[in-house]
Amino acid sequence: MEVNMRLMWGFIALLFCFHQAAASAVAKIQADPSSVINQTSALLSCNLTGVPPVKGSYWSRNGKLLEKSKSDAISDYTSYHIPKIDSHSAGLYTCVFMTNPEVEENIEVKMAPHVSAYKHSENSNENDKASLVCVSHSYPLPTDWKWYKLGDVKTAIVNGTKNYMIRSTDNSSTLYIENLDINADMGDYECAGENELGRHADKIHLRVRSRLAALWPFLGIVAEVIILVTIIFIYEKRRKPDEVNDGSAPLKSNAATNHKDKNVRQRNSN
Amino acid sequence: MGVAGASAPGYGPLDGGWGWVVVFGAFISIGFSYAFPKALTIYFKEIQRHFSVSYSQIAWVSSIMLAVMYAGGPISSVLVNRYGSRPVVITGGVMCGVSMVAASFASNITHLYMCVGIIGGLGLSFNLQPSLTIIGKYFQVKRPIANGLAMAGSPVFLCTLAPLNQFLLDRFGWRGGFVILGAMLFNCCVAGALMRPLRGGAPAVPCKPPPTRARTQEAVCGDGVIERPRGRESLCRRSCAENMSCFLDLSLFHHRGFIIYLTGNMLMFFGFFAPMIFLAPYAKHRGLDEYSAASLLSALAIVDMVARPGTGLLANTKLVRRRIQYLFSFAVAYNGVCHLLCPLASGYWGLVAYALCYGVVYGMVCALLFECLMDLVGPCRFSSAVGLVTVLECCPVLVGPPIAGAMLDMFGDYSYMFYMCGAVMLTAGLFLFTMNYYNYQQLDQAKRSQDKGTELGERTGQHGGQHGSSQADDKIVEEQAPSLEQESGTFRVKAETEDNTMQQQQKTEFNPKD
């Protein structure tokens with residue numbers, strides 16, 4: 001009986017040990033730092049604990065693999081150095097250890113937004129529609145977009161007022177202006193994007209072409225055509241009395257064959 | 001109609017003087033005709049965005065314009081035969097200008113098809129044919145140079161219009177740009193005003209009436225006089241074919257040289273334009289950046305600009321002028337060889353070499369294109385000939401590039417397209433060479449038998465100095481442009497020929513050296 005009890009306890013202890021072993025085989029990644037906020041540069045590192053065999057590791061930003069970070073080294077430690085944090089390098093970084101199954105951990109590298117205009121100078125016609133576009137590639141993406149009209153006074157543009165319409169998505173914002181007025185709508189516009197860490201703005205210049213802008217060159221060229229044609233015809237009329245056959249002249253045949261030509265003609269016409 | 005020519009002996013093509021001013025006018029007209037549909041594509045992206053249509057829908061504008069320009073050939077030929085070059089060119093200029101101004105107010109794409117495509121295309125065809133015709137009337141000896149210079153208008157205008165269109169688009173938008181282009185097209189009227197008609201207004205006076213006179217029982221057109229009325233047919237009701245043959249010389253289809261030219265050209269045009277269109281995409285495909293690819297086209301255009309007058313000068317030399325068809329065949333064949341070798345070109349400089357070669361041969365072919373036709377049919381029938389040629393060439397010109405594009409889609413490799421174009425042009429060149437060799441043989445034979453006939457006539461007609469006269473006669477025949485030989489060849493070929501005296505008289509009328 002006592003032997004059975006001992007066996008049973010041993011068995012249970014063994015099971016417990018196995019369980020512990022199995023539990024301690026679960027991989028854990030220690031990421032350092034947990035997030036990067038408003039720094040100029042950073043060194044991201046991931047430490048793998050729980051020791052399953054490691055085939056290699058790599059980093060990705062916003063889901064896209066960073067080629068240079070790929071490593072085949074069997075190591076439980078991997079790091080990625082960002083020399084300069086700008087709108088291009090900010091994003092959601094993920095370190096991935098190629099274990100079975102793969103394990104990963106996220107590190108957020110955040111900074112103030114960077115906003116840029118798609119085209120810094122836009123041209124549109126009077127009474128036509130204009131669309132001004134601003135885009136942002138930063139992380140986190142702007143949560144708030146604002147448009148202003150610059151002039152003597154910087155006035156905010158509200159969606160739906162007058163002839164304005166603002167449509168914003170995650171990474172871009174478009175200002176539509178209907179029925180352009182050459183006096184009121186021409187000028188500089190500012191788009192501003194704001195996230196939790198700050199705001200940034202860019203300027204767009206809108207030029208409104210007048211409907212009649214093309215009219216003056218048109219009239220000029222037509223006038224030139226009329227003048228030239230008149231001159232040509234007058235010149236021709238004035239020359240006409242001087243020449244019996246304008247545009248053609250007696251042919252200068254060789255003196256030697258002149259006589260012969262006439263002979264030939266006479267013969268042929270018989 | 002034609003008899004009047006004999007009443008003013010001793011006058012003919014000027015070969016200089018006001019002729020060069022006419023060449024300048026033709027330069028402008030031809031430049032606009034060829035360059036305008038291509039340069040218009042600069043606006044397409046903007047218009048596409050504005051009307052929210054697909055790229056193929058907007059590309060139709062250019063295609064319709066080109067198609068109507070070529071198809072309108074016979075119409076403008078008829079008008080030129082009737083009224084002369086000047087009124088037709090002025091009308092064409094007005095039509096083009098008005099069409100572009102109307103197009104600037106377009107509210108949908110169909111308006112553009114109508115205004116720019118149809119009316120604009122028709123206006124351009126009214127510019128093209130008469131310009132070519134009047135060169136033939138003003139020049140005989142220096143005609144190849146005149147043709148080369150006039151055809152040089154196309155690359156010059158293309159190089160100028162492309163950046164200009166870009167500037168107008170940025171500055172004025174596409175509507176404003178169209179308005180200004182319309183005004184610029186009115187300059188074709190100036191070109192037309194320069195095309196002073198010979199002998200103060202009567203068209204084609206030195207020429208004999210269309211040879212169909214013999215076939216239609218001498219119904220004289222335009223006067224409504226029928227010398228030998230045909231049975232039930234009255235003065236007013238002449239058959240459609242007769243009417244057509246009055247205005248458009250359909251007997252050209254019996255002209256051996258014309259048929260050779262037509263067949264060879266139709267074959268050639270299948271592969272003529274495609275390499276030009278696909279050069280830039282091919283360059284980008286081979287890894288060149290956009291600017292390098294564009295620079296290839298610029299190099300091509302500059303070489304083309306120089307090659308055209310250069311070819312004109314070359315064709316004018318005594319040696320070449322007599323056998324100008326061989327030069328044309330050589331140019332076409334060389335074009336084919338160039339395309340066949342293109343896939344071997346590697347890197348930027350290889351492609352530059354190809355572009356330069358292509359520019360030279362392209363210019364050669366274009367410069368000689370209409371000169372050869374003039375050489376074959378003579379200036380009198382040229383206006384009908386060019387109308388028929390352009391309407392029949394319309395098909396391969398329009399169908400060629402899409403076929404090349406389809407080949408590209410099918411094989412995914414540009415090489416096959418170049419091989420196809422090269423093979424087509426090489427075949428066309430060889431065909432033209434051999435057929436023209438045969439044609440020249442026939443014409444020489446005809447000339448020899450005609451000279452024998454004349455010699456016999458001289459011997460029986462006059463005493464003394466016969467030998468000298470016949471020698472001079474031969475010399476005169478030698479000195480004359482080959483077109484005269486061709487003309488005499490035609491007389492032999494035609495099934496119905498007028499009697500000998502009529503022939504000789506017409507030969508005299510046409511003889512420029514009298």
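Modeller: Buried means under 20% relative accessible area, exposed means over 50%, and partly exposed lies in between (1.4 Å probe, protein chains only). This is a predicted model, where local features need pLDDT of at least 70, side-chain atom pairs count only at pLDDT 80 or more, and totals for chains, interfaces and linings use all residues. Residues are numbered from 1 along each chain as its sequence is written, chains are lettered from A and ligands numbered from 1 in the order in which they are written, and side-chain values use heavy atoms, with hydrogens and water left out.

Colleague: Is A:Cys134 buried or exposed?

Modeller: A disulfide (a pair of cysteine sulfur atoms within 2.5 Å) joins A:Cys134 to A:Cys191, with 1.7 Å from S to S. A:Cys191 is buried, and A:Cys134 is also buried.

Colleague: Why is the disulfide of A:Cys46 and A:Cys95 left-handed?

Modeller: The sulfur atoms of A:Cys46 and A:Cys95 lie 1.9 Å apart and form a disulfide. This disulfide is left-handed because the torsion about its S-S bond is about -90 degrees.

Colleague: How many disulfides are there over all chains?

Modeller: A disulfide is a covalent bond between the sulfur atoms of two cysteines. In chain A, with the bonded cysteines numbered in sequence order, the pairing is 1-2, 3-4. Over all chains the count of disulfides is two.

Colleague: Which does B:Cys159 count as, buried or partly exposed?

Modeller: B:Cys421 has 0% relative accessibility and therefore counts as buried. B:Cys159 has 32% relative accessibility, so B:Cys159 counts as partly exposed.
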